[in-house]
Amino acid sequence: MRDAFTRVLMREAANDPRLTLVSGDLGFGVLRPFWETYPEQFVNAGIAEQSMTGLAAGLAMTGRTVLTYSIGNFPTLRCIEQIRNDCAYHDANVKVVCVGGGFVYGSLGMSHHATEDMSILRALPGVTVFTPGDPYEVEAVVPVMLRTPGTCYLRLGRGGEPVLHTGPITDYAGPRALTLREGKDVAILSAGGILTQTVGAARLLAEQGVSAEVVSFPCIKPIDREKLTELSGRFRHIVTVEEHSIVGGFGGAVCEVLAETGSGCRVHRIGMEDEYSAIVGTQQYLRGAYGMDENAICTRTLAWLAT
């Protein structure tokens with residue numbers, strides 16, 4: 001995902017000299033082509049994320065579109081006051097980019113497990129939240145994000161994520177949910193890189209004779225209310241999956257919409273319960289440990305369909 005992000009950013013920077021990338025002293029491999037090509041549009045703010053965000057807000061006030069870039073919780077939770085007071089409150093054109101949402105940096109422990117960021121950024125007034133699920137979705141949403149007025153949040157994986165769509169996504173305009181697989185028995189919705197697991201779970205369910213529709217939400221604020229309303233009219237069960245806390249996250253956003261539709265659809269949320277991850281391991285290991293890998297999604301969905 002981060003490679004797709006850099007490719008798109010370089011294309012956009014070629015046409016907009018006001019576009020500026022501010023890094024928190026990392027990304028030297030993936031960001032090098034950017035700063036070597038556009039040195040006047042790059043700043044390394046050092047490991048000082050609060051100052052990085054304040055700097056970005058100031059640059060944005062001069063008419064620039066500014067992106068802050070760091071891993072996991074560092075460009076988000078560490079400087080949430082600056083995002084709120086300096087950026088969002090002033091409608092500053094700052095785009096906060098997190099590399100490593102969820103358990104990407106799972107082996108580094110809970111300080112690097114980004115499992116509350118979506119709910120916290122989603123709660124800030126005026127902040128648009130983008131959560132692409134694969135490299136093609138990244139390429140589709142980044143240009144939209146750069147043209148969205150005000151403060152935005154972009155949640156990425158790390159690198160090496162597989163392409164899940166059959167081809168590039170053309171004419172994307174957010175917020176729009178994207179259907180990867182049609183089904184008739186249950187709808188499985190996700191936001192972010194956990195899309196790999198929902199696609200895998202749908203294959204496992206098909207082996208059990210269950211037809212699952214797989215839908216990705218590359219933007220969760222604002223969320224595609226029209227799609228959610230349509231899905232709630234076709235399915236008795238909707239399963240939401242997020243590599244994130246279920247408190248106030250993607251599943252919560254879905255429930256907020258469907259609670260107002262009056263449909264008889266049941267929503268089942270898969271994600272972190274109201275807890276911190278106290279174990280370490282690879283991203284996939286932690287997904288399994290917390291019941292959000294493809295096998296767990298399949299097993300839990302079958303149990304819900306049986307009720």
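**View 1. Val-129 stands opposite Tyr-153 of strand β6.** Strand β5 (residues 128-130) pairs with β6 in the parallel sense over three bridges, where pairing requires that DSSP finds at least two bridges between two strands. Between β5 and β6 the chain passes through helix α6 (residues 135-146), and this β-α-β crossover is right-handed, a term for a path from the first strand over the helix to the second that runs clockwise when the strands point away from the viewer. Helices (H or I, at least four residues) and strands (E, at least two) are DSSP runs, numbered from the N terminus.

This is a predicted model, in which local features need pLDDT of at least 70 and side-chain atom pairs count only at pLDDT 80 or more, while totals for chains, interfaces and linings use all residues. Residues are numbered from 1 along each chain as its sequence is written, and side-chain values use heavy atoms, with hydrogens and water left out.

**View 2. Strand β4 (residues 94-99) runs parallel to β6.** Five bridges join these two strands, and Val-96 is the residue of the pairing that stands opposite Tyr-153 in β6.

**View 3. Strand β6 (residues 152-156) is covered on both faces.** Cys-152, Leu-154 and Leu-156 lie on one side and Tyr-153 and Arg-155 on the other, and all are buried, that is, under 20% relative accessible area with a 1.4 Å probe and protein chains only.

**View 4. Helix α11 (residues 294-305) packs through its buried residues.** The helix has 12 residues and reaches 16 Å from its first C-alpha to its last, close to the 16 Å expected at 1.5 Å a residue, the expected span being 1.5 Å times one less than the number of residues. Its buried residues are Ala-296, Ile-297, Cys-298, Thr-301 and Trp-304, and these pack against β8 (186-190), α7 (195-207), β11 (237-245) and β12 (266-272), with contact meaning heavy atoms within 4.5 Å.

Technical notes: Buried < 20%, exposed > 50% of the residue type's maximum accessible area, 1.4 Å probe, protein only.
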